[in-house]
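Colleague: I would like to learn how to read a model like this one, feature by feature. Could you take me through it?

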Amino acid sequence: MQMFSCQDMPIRVFGLMNFYKNGSFMRLPEEMMEKMPQLRQFGSRSTGGRVCFRTNAKQLYIKLISKTFIRDVFTTQVASSGLDVYVGERTEGIFIGSVFPTGLRGTNPNVSEKTFELSGEMTDITIYLPKNEILDHIEIGIEDEAKIEAPTPYENEKPVIFYGSSITEGGCAGRVGNAYNAALSRQLNMDYINFGFSGSAKGEPEMAEFIADIPMSIFVMDYDYNAPDAEYLAKTHEPFFKIIREKNPTLPIILLSNPNYRIKQEESEKRLAVIRATYENAVANGDRNVYLVSGENFYAESDPFACTVDGVHPNDCGFYHMTKEVRKILEPVFRSVCGKA
């Protein structure tokens, strides 16, 4: 069997800006975590990272080795510690399984492995990396006679950046591939970076300055639920937007409000009013590249609680509906950026 690491070409890693600098699966550079130590735990995770390649293998072996093992009471161990494997062209990719710790007595929770049966025809493989774990390395194996090639390119050379809360991070999807930004990535063949930081995205100017300097095709600003209240959101939301806009005058920026409008309507109305004010002020000042996605219609009016785990975080049903609503705004903007409008 031929064995590969993620550093071996033509395998490509997307969504992790440090990987080709120092081989790290961390989302944030060390200097940023030193500046904002409250993000060290979350910035060290691989959330949003993808390992991509093409192969004609009949068997695909994957070994996942993590430095941590996190139990998350609000989601499954598959979602917390596992990676998802999709086969096929990205817009038509099929989920074939996850690699995750079994929890069986005598097994090492930091090491997971699995072999998948494939067709033997040359096709794309997209591996979504775990949400909660800090990774050590990943091993990929195929038969000696099989080939491995570079993956099909994404439509956008520059990634879409999502900044926000644990919802942005993917909590509490049943597995990592069901997070709304992961689903949009498949549906639109869209590269992205996930800067969702559970409980720790507070609209700090230091983070805005950091993000503003990263080359990106679209910015999605989704930290509503990490603001302690509407008053805090009002103090930080428009200033954060303006820092991004000042350095990126023509960048499409999409503003999201939280998805639980129908569950916590009074609070959500106050928060939505803040976000709408940022949007309307920008438009009044001549901004033609700002968009608003309201959480009012993310969940069904009949039973919005069916879309959450705990009244806050979407489950797979919630993320499915959230993906559909965000796509209505994101897709035409994305196609325009890619020159396909």
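Modeller: We will go through a sheet, a hairpin, a helix and a few single residues. This is a predicted model, in which local features need pLDDT of at least 70 and side-chain atom pairs count only at pLDDT 80 or more, while totals for chains, interfaces and linings use all residues. Residues are numbered from 1 along each chain as its sequence is written, and side-chain values use heavy atoms, with hydrogens and water left out.

Colleague: In what order do the 4 strands of the open sheet lie?

Modeller: Strands of a sheet pair through backbone hydrogen bonds, either parallel or antiparallel. Here the order is β1-β9-β4-β7, with antiparallel pairing. The edge strands, β1 (2-5) and β7 (111-117), each pair on one side only. Neighbouring strands are turned by 20° against each other on average, direction ignored; the axes are lines fitted to C-alpha atoms, and angles run from 0 to 180 degrees between N-to-C directions. Strands are DSSP runs of E with at least two residues, helices are runs of H or I with at least four, and both are numbered from the N terminus. Two strands pair if DSSP finds at least two bridges between them.

Colleague: Over how many bridges do β4 and β9 pair?

Modeller: Strand β4 (residues 59-66) and strand β9 (residues 135-142) are joined over 6 bridges, in the antiparallel sense. To find your place, look at Y61, which stands opposite G141 in β9.

Colleague: Which residue in the turn of the β5 and β6 hairpin has a positive phi?

Modeller: That is G88, with a phi of about 115°, and the hairpin has 6 residues between its two strands. Strand β5 (residues 83-87) pairs with strand β6 (residues 94-99) over 5 bridges, again antiparallel. V87 has I94 as its bridge partner in β6.

Colleague: Now a helix. How does the span of α8 compare with what its 18 residues should give?

Modeller: The expected span of a helix is 1.5 Å times one less than its number of residues. For α8 (residues 230-247) that gives 26 Å, and the end C-alpha atoms are 26 Å apart, so the two agree. Still, there is a kink of about 25° at T236, shortly before the proline P239. The bend at a residue is the angle between axes fitted to the seven residues ending there and the seven starting there. At the start of α8, a side-chain oxygen of D229 comes to within 3.2 Å of the backbone nitrogen of E231.

Colleague: Which residues of α8 are buried?

Modeller: An α-helix has 3.6 residues a turn, so residues three or four places apart point the same way. In α8 the buried residues include L233, T236, H237, F240 and I244, where buried means under 20% relative accessible area (1.4 Å probe, protein chains only). Their packing partners include α7 (205-212) and α9 (265-284).

Colleague: Why does K131 count as buried?

Modeller: Its relative accessibility is 9%, so K131 counts as buried. K131 sits in the loop between β8 (123-128) and β9. Contact means heavy atoms within 4.5 Å, and beyond four places in sequence K131 touches, among others, R45, D72 and E169. Its side chain also makes a polar contact with that of N132 (2.8 Å); such a contact is a pair of N or O atoms within 3.5 Å, and within protein one must be able to donate a hydrogen and the other to accept it, with residues adjacent in sequence counting only if both atoms are side-chain atoms.

Conventions. Buried means under 20% relative accessible area, exposed over 50%, partly exposed in between (1.4 Å probe, protein chains only).
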